[in-house]
Amino acid sequence: MRSSFFAAAGLATVANAIATIEVKGNKFFTSDGDQFFLKGIAYQLVPEDPLLNATQCKLDAELMSELGANSIRVYHVDAGSSHKDCMTTFADNGIYLWVDLDTFNTAIDQTAPHWKQSQLSAFQAVMDEFQKYDNTAGFFVGNEVLTTANGSVAAPYVKAAARDVKAYREKKGYREIPVGYSAADISTLRPMLQNYMACSSNSSENLDFFSLNAYEWCGDSTYSVSGYEQLQQNASSYNIPIFFSETGCNTVKPRTFGDQSAIFSSPMVNTWSGAIIYEWIEEANNYGIVSYGPKVDATASGAPQDGYPRSGTPTPVSPDFSNLKKQWATLKPAGVKKSAYTPSLDAPVCPGFTSDVWEVNGAVALPTLGATFDAAVRSSITAGATGSRTGSAAAASATKTGAAASPGSDVRRMGVGLAGVMVGAFVYL
């Protein structure tokens, strides 16, 4: 939901000291055969690309390593630039990248969903750049595209994007870097969307992983009160990896990150593959765990648009940084060895059409490249036979809690105008 202020050849040796990440069944594994759990941080210092300043990456990566992080999520990058220096720095610190493929103007839109060659080409360009690095762990084809029941008609377009990106990956002979989606925590959409993204009998049309931006656990909550128990119930038989692509409620201060203990302990650790905390930099939304100095007058010459410094030596925000560090230091799930794991979970049943809840009909054919949704036409997306899929039981129940778009979702809405302003403030871009 990135809702902060912004709304293998030639270079494979760059990060060859780090094991690669792959999918088997509903788990991630390293190429060394160990199960992989994310301990991640959302990292978007600047709107266009935070992975171009080698000096800044080094400062941040070293502190992230001290924190205990093994992953970062970056929402927007410049595919036309080289990321060798920053990616090498993060690899040297044992940190993997989970990167969104869309740009400010190529994201799939739920109000008028379409999937065009220009979007695919932009997604391919990001893949071309980042597949070079062994510490690229995964790609997101979308972030919180669906936020309403009517928006569910965009789901086939998200799935079509994943299909075509995966096909491109195979055509180019790239490493099978997992391709997934980051969903908003909308209780009425969540169980249907989650199942839909993995329900096809053709694995080439399914996501490689599904992830959720969830802010349900606030303060000293519990497994049952927070809604995590229901999340676990809905995912317990899920056939592909699932993890929290954003978490870290800040309505109760200071943040103690008690949900991390639940995520990395039984029963959730048997289903979920970890979490990404929102977020690294302290800004107006007060989610940051580090700052780069006190806020300055945003109207001053050369000042950042929001007044929050975005470069320099990172300073931990107390006590949030140390609270998260203490949590992660005690949570070291062993998992299972890849060689000892045999996947046994079937694909879920594709959800059927339900008016004002889930307006996509079963296992319908996905849109082809160039398709645009026409609400005036009752196409196979919203009408026709309800598809079925031999798989796990019927639709999961909705969690009792839900949320609007997450704090990270604003990066898209804040868009190009802000990016242009920020470029002037950061000469290193």
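Which strand and which helix each supply at least two residues of the lining of the largest pocket? Strand 2 (21-24) and helix 4 (155-172) do so, helices (H or I, at least four residues) and strands (E, at least two) being DSSP runs numbered from the N terminus. The model is predicted, so that local features need pLDDT of at least 70 and side-chain atom pairs count only at pLDDT 80 or more, while totals for chains, interfaces and linings use all residues. Residues are numbered from 1 along each chain as its sequence is written, and side-chain values use heavy atoms, with hydrogens and water left out.

**View A. The largest pocket.** Its volume is about 490 Å³. On a 1 Å grid over the protein atoms alone, a pocket is an open set of points with protein on both sides within 12 Å along at least five of seven lines, a cavity is a set where a 1.4 Å probe fits but cannot get out, and lining residues have an atom within 4 Å of a point. Grid points are joined across faces, edges and corners, and a volume is the space filled by probe spheres set on the points. Of the 30 lining residues, Val23, Gly25, Asp208, Asn239 and Ile240 are the closest to the pocket centre. Strand 2 gives the most to this lining, with 3 residues.

**View B. The largest cavity.** This cavity holds about 90 Å³ of space. Among its 16 lining residues, Trp217, Gly248, Cys249, Phe257 and Asp259 are the closest to its centre.

**View C. Aromatic rings and charges.** One aromatic cluster is formed by Phe28, Trp98, Phe140, Phe209 and Phe243; rings of Phe, Tyr and Trp (its six-membered ring) pair if their centres lie within 6.5 Å. Lys159 lies over the face of Tyr196, at 4.3 Å from the ring centre, and Lys39 over that of Phe264, at 5.7 Å. A charge sits over a ring if NZ of Lys or CZ of Arg is within 6 Å of the ring centre and within 35 degrees of the ring normal.

**View D. The nonpolar cores.** In the largest core, of 96 residues, Leu51, Leu146, Phe210 and Trp280 touch the most other members. Helix 4 provides the largest share of this core, 8 residues. A second, separate core of 20 residues includes Leu38, Tyr96, Ala137 and Phe140. A nonpolar core is a set of buried (under 20% relative accessible area, 1.4 Å probe, protein chains only) Ala, Val, Leu, Ile, Met, Phe, Trp, Tyr and Cys residues joined through side-chain atoms within 4.5 Å.

How values were computed:
Phe/Tyr/Trp six-rings, centres within 6.5 Å; stacked < 30°, edge-to-face > 60°. Buried < 20%, exposed > 50% of the residue type's maximum accessible area, 1.4 Å probe, protein only.
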